[in-house]
Amino acid sequence: MPAVVIIGAQWGDEGKGKATDLLGSRIDYVVKFNGGNNAGHTVVIGDQKYALHLLPSGILSPGVTPVIGNGVVIDIEVLFDELDALIARGVDVSKLKVSANAHVITHYHRTLDKVTERFLGKRQIGTTGRGIGPTYADKINRVGIRVQDIFDEGILRQKVEAALDQKNHLLVKIYNRRAIEADEIVESLLSYAERLKPMVADTALEIHQALEADKTVLFEAGQATMLDVDHGTYPFVTSSSATAGGASTGSGIGPGRIQRVIGIVKAYTTRVGAGPFPTELFDASGEFLRANGFEFGTTTGRPRRCGWYDAPIARYSARINGVTDFVLTKLDVLTGLETIPVCVAYDVDGVRHDEVPVSQSDFHHAVPIYEEFPGWTEDITGAREFGDLPKAAQDYVLAVEAMSGARISAIGVGPGREAVVVRHDLLA
Ligand code: GDP
Ligand code: IMO
Ligand code: MG
């Protein structure tokens with residue numbers, strides 16, 4: 001089973017980090033292929049808690065070679081800080097490989113992210129403010145800075161000057177900010193060169209060679225399907241391809257290599273930032289999910305918006321990504337609810353929609369049609385086999401599985417590495 005992709009099936013924070021970590025001991029390479037330090041993955045190992053942003057979660061498994069692919073945008077200072085924090089805790093990060101083609105987030109990207117959001121006012125997206133959108137915009141606009149540019153001072157200076165020629169007009173004339181000096185950016189990027197150099201590689205070639213040698217390579221998405229720039233709730237999305245197709249373009253392997261796509265889906269739904277969210281709750285049930293699930297952002301600390309499970313979204317994700325297996329996470333968070341509603345379809349201005357409507361306006365108006373399932377009160381955090389779950393919890397999982405477009409192969413019953421019920425081997 002050489003190439004496996006893990007993606008988020010909702011709006012992020014489904015527990016991708018934990019799922020990657022779960023497979024860690026059985027994988028040889030873990031590749032991050034999209035996004036940047038907008039991601040936040042919390043992994044709990046024993047009494048230790050790790051928060052990862054830019055590095056793939058698989059870095060916590062000894063023996064794994066972590067790779068940052070060409071589809072990622074890198075804030076190099078954040079990269080070094082994250083590496084230092086892991087080194088201080090005894091994690092071996094020496095094998096990390098960084099793509100020479102990945103784009104670099106600079107001070108002006110972060111500044112532009114913040115000022116454009118401020119200018120959008122009530123229409124803002126609620127970005128993480130990490131410079132993600134402006135860096136991808138520069139990439140597509142062909143004025144980006146790539147990792148390899150840092151090792152050619154002449155080219156680097158030309159590119160930074162060309163980019164700032166445009167951006168300083170924007171910053172000064174439109175946003176009323178001070179101009180940014182090219183020297184300042186060039187100097188800071190050059191200061192990273194020495195430490196960065198040994199990590200930089202032709203990562204597409206390395207991954208290809210690993211697959212040829214029958215190694216197991218896990219491609220770990222940041223963000224999620226509904227935040228994908230093409231398939232998400234545009235414009236309330238991130239700026240990268242967070243779906244399974246992104247694993248191919250964001251790392252440089254052919255799509256035919258991918259043999260399994262694991263969709264991570266929470267037993268309810270959360271979202272951070274603005275944009276449509278049909279099952280969102282504004283009442284005590286929403287508070288219950290937020291408090292029990294500890295739904296506060298790993299990156300920004302913002303409280304996450306919470307709502308019930310949305311089956312059309314799971315089905316949409318199964319389809320867009322070609323999900324072969326779902327991991328249903330945080331089932332334990334639902335313990336104690338008398339009944340658990342699941343959205344089975346939407347009512348859009350009096351018309352029933354069984355699938356996610358293609359029109360953004362329709363999706364904004366979608367009112368969930370719920371089916372209710374009986375809850376359970378037993379503590380399920382110790383369950384390790386499907387039969388250990390109370391009957392009502394089993395029935396909830398089976399009902400959700402029947403509506404979601406792929407089998408549920410594992411079930412999360414707590415934050416810890418061991419807190420999982422496995423029904424089908426994810427790598428077999
Ligand atoms: P990611 O961005 O998809 O990696 O997810 P985050 O790490 O941002 O958010 C998921 C949170 O849920 C983390 O704090 C995890 O430790 C936690 N978590 C993951 N799986 C489970 C589970 O099955 N039960 C509970 N209670 N917590 C979980
Ligand atoms: P993980 O990998 C949840 C959201 C932001 C905002 C939108 C655009 O932990 O699941 P950006 O800074 O990317 O331009 O913000 O996307 N967002 C996330 N929400 N989890 C994430 O990552 C996210 N990364 C970005 O809140 O609404
Ligand atoms: Mg997260």
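## Around ligand 2

Ligand 2 has 20 residues around it, and the ones that come nearest are Lys 16, Asn 38, Thr 128, Gln 223 and Thr 238; a residue counts as near if one of its heavy atoms lies within 4 Å. This is a predicted model, so local features need pLDDT of at least 70 and side-chain atom pairs count only at pLDDT 80 or more, while totals for chains, interfaces and linings use all residues. As for bookkeeping, residues are numbered from 1 along each chain as its sequence is written, chains are lettered from A and ligands numbered from 1 in the order in which they are written, and side-chain values use heavy atoms, with hydrogens and water left out.

Now for the polar contacts (pairs of N or O atoms within 3.5 Å; within protein, one must be able to donate a hydrogen and the other to accept it, and residues adjacent in sequence count only if both atoms are side-chain atoms). Gln 223 puts a backbone N or O atom 2.8 Å from an oxygen atom of ligand 2, and Asn 38 brings a polar side-chain atom to 2.9 Å from a ligand 2 oxygen. With Gly 126, a polar backbone atom sits 3.4 Å from an oxygen of ligand 2. On its own, ligand 2 has 550 Å² of accessible area (Shrake-Rupley, 1.4 Å probe), and the protein covers 97% of that 550 Å².

The shell around ligand 2 splits into six nonpolar, 11 polar and three charged residues, where nonpolar takes in Ala, Val, Leu, Ile, Met, Phe, Trp, Tyr, Cys and Pro, charged means Asp, Glu, Lys and Arg, and the others, Gly among them, are polar.

## Around ligand 1

Ligand 1 is surrounded by 18 residues, with Lys 16, Gly 40, His 41, Thr 42 and Asp 332 the closest. His 41 has a polar side-chain atom 2.6 Å from an oxygen atom of ligand 1.

## Two domains

The chain divides into domain 1 (3-93 + 202-422) and domain 2 (103-196), with bounds from an automatic or database domain assignment. Each domain gives at least three residues to the shell around ligand 2.

About 2,000 Å² is buried between the domains, 58% of it from carbon and sulfur atoms; that is the accessible area (1.4 Å probe) both parts lose on being put together, summed over both. On the domain 1 side, Val 73, Ile 76 and Phe 80 lose the most area to domain 2, together 30% of what that side buries. Two salt bridges link domain 1 and domain 2, a salt bridge being a side-chain nitrogen of Lys or Arg within 4 Å of a carboxyl oxygen of Asp or Glu.

Note on methods: Buried area is the accessible area (1.4 Å probe) that two parts lose on being put together, summed over both.
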